[in-house]
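I opened my notebook to look up a few things in this structure. My entries follow.

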Amino acid sequence: MIPELLGATQSVQALASLLKSANGLSNYNEILLAVTEVNTKLMNANAVALASQEQQSLLAKQLRDREAELEALILWKKDAELLEQVEVAQGVFAYMKKDRRGPFQSQPKYCANCYFSNRPSLLQESREDYRNTGLNCHLCDAKMVFNFYKSEIAA
Ligand SMILES: [Zn+2]
């Protein structure tokens, strides 16, 4: 039991016995003092109970958050097993599905930086100056610019 609650309970018991022995208002000051003491202890116990409840609520939320992160990580690990590192352009690496078909340009590509941070991030293509192609990660702000996809050179 929380010490403040135990103290409050003992004070209530003391007050009850004091009230039983009270005859009229002869010991009014003692009763008033005991009531004040009980009230103070009850307020302290209430504050401790509220703080404890807040702490418990915070811990429960943190636990739910960790469970959601773990669930997402388990799902990502399962998806990550289907991917492999590919050199999509000279010196430019991304993760792509192992069972992909067709040219690299039309395949989903995942950021290598984010792959190692267990954060799946689909790369978005952009047109760059001098007819270059860009691959952009919106999670880690990585940007890779190159001339041609390797699969285009091979074709
Ligand atoms: Zn990234």
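Entry 1: I am working with a predicted model. I started at phenylalanine 116, which counts as exposed because its relative accessibility is 58%, over the 50% cut-off. Tyrosine 115 counts as buried, at 18% relative accessibility. I then searched the whole structure for aromatic pairs and found five. One of them joins tyrosine 115 and phenylalanine 116. Their rings sit edge-to-face, 5.5 Å centre to centre, with 85 degrees between the planes. I noted another edge-to-face pair, phenylalanine 146 with tyrosine 149. Here the centres are 5.1 Å apart and the planes 75 degrees. I checked burial too: phenylalanine 146 and tyrosine 149 are both buried.

**Entry 2: the zinc ion.** Which residues coordinate the zinc ion? I found Cys111, Cys114, Cys137 and Cys140, each through its SG atom, at 2.2 to 2.3 Å. I wrote down the spacing of the donors along the chain as C-x2-C-x22-C-x2-C. Next I looked at the angles. The four donor atoms subtend 104 to 116 degrees around the zinc ion, so the arrangement is tetrahedral. For reference, the ideal angle for four tetrahedral donors is 109.5 degrees.

**Entry 3: what the site ties together.** I placed cysteine 114 in helix α3, residues 112–116. Cysteine 137 lies in the loop between β5 (132–136) and β6 (143–146). The pair therefore ties together parts that are 23 residues apart in sequence. Are these two cysteines buried or exposed? Cysteine 114 counts as buried at 0% relative accessibility, and cysteine 137 counts as buried at 2%.

Terms used: Residues are numbered from 1 along each chain as its sequence is written. This is a predicted model: local features need pLDDT of at least 70, side-chain atom pairs count only at pLDDT 80 or more; totals for chains, interfaces and linings use all residues. Side-chain values use heavy atoms; hydrogens and water are left out. Rings of Phe, Tyr and Trp (its six-membered ring) pair if their centres lie within 6.5 Å; planes under 30 degrees apart count as stacked, over 60 as edge-to-face and the rest as tilted. Buried means under 20% relative accessible area, exposed over 50%, partly exposed in between (1.4 Å probe, protein chains only). Donors are N, O and S atoms within 2.8 Å of the metal (3.2 Å for Na, K and Ca); water is not among the atoms, so sites may look incomplete. Four donors count as tetrahedral if all angles lie between 85 and 135 degrees; four count as square planar and six as octahedral if opposite donors are over 155 degrees apart and all others between 65 and 115; anything else is irregular. Helices (H or I, at least four residues) and strands (E, at least two) are DSSP runs, numbered from the N terminus.
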